[in-house]
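Please read it alongside the sequence and the model.

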Amino acid sequence: MTGFSITNLKYMRRFADAWTMPDPIGQWPVDQLPCGQVIDLITKLDDQELRDWYASKSAFHGWSRPVLAHQISTRLHEREAAAPSNFAGALERGDSDQAQEITKDPYALLFLAIDSDATERQLEQRMVDRILDTMHELGPGFAFVGRQVHLDIDGDDFYIDLLFFHVEQLRYVVIELKTTKFDPRDAGQLGFYVAAVDDRFRIPRKHQPTVGILLVAGKNDTVVRYALASTTQPVAVSRYELTEEAQKALPDESAITRAFAEELTRGKNR
């Protein structure tokens, strides 16, 4: 064979050094990835176990090259299933392990880069433009149900920021957004929403118990631990990461959830 550049040959050599195994390469996840992703695995990671871990994730979930690069750069292997939660005590053992798998800590939203003097409308538009990246960061399996989901509780009105259904685990996931540091009262509010969704929407014989994930700008893990111990509803608390400029310009929760809803609704109509 001819026509290979020096760079091509170097990548081939590094590939051969990285995956020296007795079994045919076709039996390994890396064989299912396009060349660009294989190059990223070789050049961005030195640890072979991590290369195999990310190759397996990408092959299973069908990540694009930018998604794989984002997950590597934000160290998904350290963030996945890392959010503090009370799932172990609030759910049955096998179910609690599954529910924990859909959490992350922190959620890396660094791609929402924006100038510090941006207006709320400009930040909303940025979030809409990058909403698919945001959905990828939430993780596979999340199907959007609605934003500001109305609950009429005996004449009292309540509104859930974001409601998802996890199609792999067959459970509703309530996500509440806070642009402030975690407050113990936030866990109580989220637990209330989880209980309401579990009672109003969940089909017990078909669906796993509802869980909640609270996304906050910052948190004291000791305060989180005490707050989670005081609620019986299965909830997790995670921090989200933005650039410093984006954090300063971040709008309130209603603007964030409105951006989610507008883009997801627009996507359904395409």
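**Largest pocket**

Helix 9 contributes four residues to the lining of the largest pocket, the most of any element. The model is a predicted one.

- The largest pocket holds about 500 Å³ of space.
- Its lining is made of 24 residues, and those closest to the pocket centre are His61, Gly139, Pro140, Gly141 and Glu168.
- Helix 3 (48–61), helix 7 (93–101) and helix 9 (131–138) are the elements that each supply two or more residues to this lining.
- By class, the lining of the largest pocket has nine nonpolar, ten polar and five charged residues.

**Helix 1 and helix 2**

- Helix 1 (residues 6–18) and helix 2 (residues 35–44) have axes that come within 10 Å and cross at roughly 70 degrees.
- Angles of 65 to 115 degrees count as roughly perpendicular, so helix 1 is roughly perpendicular to helix 2.
- On the helix 1 side, the contact is made by Tyr11, Arg14 and Phe15; on the helix 2 side, by Val38, Ile39, Ile42 and Thr43.
- Five nonpolar residues, one polar and one charged make up this contact between helix 1 and helix 2.

**Whole chain**

- The protein chain contains 13 helices and six strands.
- Of its 270 residues, 45% are buried.
- Among contacts in the chain with a separation of 6 or more, 63% are between residues 24 or more positions apart.

Technical notes. Residues are numbered from 1 along each chain as its sequence is written. This is a predicted model: local features need pLDDT of at least 70, side-chain atom pairs count only at pLDDT 80 or more; totals for chains, interfaces and linings use all residues. Side-chain values use heavy atoms; hydrogens and water are left out. Axes are lines fitted to C-alpha atoms, for helices over the stretch in contact, and angles run from 0 to 180 degrees between N-to-C directions. Angles under 35 degrees count as roughly parallel, over 145 as roughly antiparallel, 65 to 115 as roughly perpendicular and the rest as oblique. Contact means heavy atoms within 4.5 Å. Ala, Val, Leu, Ile, Met, Phe, Trp, Tyr, Cys and Pro count as nonpolar, Asp, Glu, Lys and Arg as charged, and the others, Gly among them, as polar. On a 1 Å grid over the protein atoms alone, a cavity is a set of points where a 1.4 Å probe fits but cannot get out, and a pocket is an open set with protein on both sides within 12 Å along at least five of seven lines; lining residues have an atom within 4 Å of a point. Grid points are joined across faces, edges and corners, and a volume is the space filled by probe spheres set on the points. Buried means under 20% relative accessible area, exposed over 50%, partly exposed in between (1.4 Å probe, protein chains only).
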